[in-house]
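Open the model in a viewer and keep the sequence panel beside it. The tour goes stop by stop, each with something to select and a note on what is there.

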Amino acid sequence: MASSSRLPAKRSELDVTMPPSEMTALSVYNVGHQRCTPRYQWGPGVRNHYLIHYVVSGCGVYETRGQRYSLQAGEAFLALPDTEITYYADENDPWEYVWV
């Protein structure tokens, strides 16, 4: 997105700490890479596992828990299990990302 047309973003920290009794072993379900077309969107939907996306280039928007985050190259987002999310590529500068 051009800087003049970026969606407002409210940045906040997300606490995902849990007591040791609830921790489980790390398992990788899938990994991937995608160069998105303009306005490509996933969601709204729910995953049953954690998922990390790292933005390699371009920009887009990640929405969860009533918050909207405008992201660009060098930033990442975390999808939590059993939490509705939506993410989509910018119309003018669609993102490319990798995930695990």
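The model is a predicted one.

**Stop 1: the strand around Glu-84**

Select strand S2, residues 41-46, together with S7. The two pair in the antiparallel sense, over four bridges. S7 itself covers residues 84-89. How many of the residues of S7 are buried? Five of the six are, and the strand is mostly covered.

To find the place by residue, pick Thr-64, whose bridge partner in S7 is Ile-85.

Next, pick Thr-86, which is in strand S7. Thr-86 counts as buried because its relative accessible area is 9%, and buried means under 20%. Draw a distance from Thr-86 to Arg-68: the C-alpha atoms are 9.4 Å apart, while the two residues are 18 apart in sequence.

**Stop 2: the hairpin**

S4 takes in residues 59-64 and S5 residues 67-72, and they pair in the antiparallel sense over six bridges. They form a hairpin with two residues between them. Which residue in the turn has a positive phi? It is Arg-65, at about 50°.

Then show the side chains of Arg-68 and Glu-63. These two form a salt bridge, with the closest N and O atoms 2.9 Å apart. Arg-68 is partly exposed at 35% relative accessibility, and Glu-63 is partly exposed at 22%.

**Stop 3: the nonpolar core**

Select Tyr-62, Leu-71, Phe-77, Tyr-87 and Trp-95 with side chains shown. The largest nonpolar core has 13 residues, and these five touch the most other members. At least two residues of this core come from each of strand S3 (51-57), S5, strand S6 (76-79) and S7. S7 gives the largest share, three residues. In soluble globular proteins, nonpolar side chains tend to be buried together.

Stay on Trp-95, which sits in the loop between strand S7 and strand S8 (96-99). Is Trp-95 buried or exposed? Trp-95 is buried, because its relative accessible area is 1%, against a limit of under 20%. Select Tyr-40 too: Trp-95 and Tyr-40 are 55 residues apart in sequence, yet their C-alpha atoms are 9.2 Å apart in space.

**Stop 4: a link between S1 and S8**

Select Glu-96 and Arg-35. They form a salt bridge whose closest N and O atoms are 3.6 Å apart. Glu-96 belongs to strand S8 and Arg-35 to strand S1, so the pair ties together parts that are 61 residues apart in sequence. How do the two ends compare in accessibility? Glu-96 counts as buried at 13% relative accessibility, whereas Arg-35 counts as exposed at 63%. The count of salt bridges comes to two.

**Stop 5: the cysteines**

Select Cys-36 and Cys-59. Cys-36 is buried, at 8% relative accessibility, and Cys-59 is buried as well, at 4%. A disulfide is a covalent bond between the sulfur atoms of two cysteines. How many disulfides are found in the whole structure? The search finds zero.

**Stop 6: a patch on the surface**

Switch to a surface view and select Val-28, Val-31, Ile-52 and Val-100. Together they make a nonpolar surface patch of about 360 Å². Val-31 lies in the segment before strand S1 (32-35). Val-31 counts as exposed because its relative accessibility is 57%, and exposed means over 50%.

**Last stop: the whole chain**

The protein has eight strands and zero helices. Followed from the N terminus, the elements run β-β-β-β-β-β-β-β. Of the 100 residues in the protein, 30% are buried.

Technical notes
Residues numbered from 1 in each chain as written. Predicted model: local features only at pLDDT ≥ 70, side-chain atom pairs only at ≥ 80, totals over all residues. Heavy atoms only, no water. Pairing = 2+ DSSP bridges. Buried < 20%, exposed > 50% of the residue type's maximum accessible area, 1.4 Å probe, protein only. Disulfide = S-S within 2.5 Å. Patch = residues over 30% accessible without salt bridge, like charges linked within 9 Å, V, L, I, M, F, W, Y side chains within 5 Å. Areas by Shrake-Rupley, 256 points an atom, 1.4 Å probe, with all protein chains shown as cover. Salt bridge = Lys/Arg side-chain N within 4 Å of Asp/Glu carboxyl O. Core = buried A, V, L, I, M, F, W, Y, C linked by side-chain atoms within 4.5 Å.
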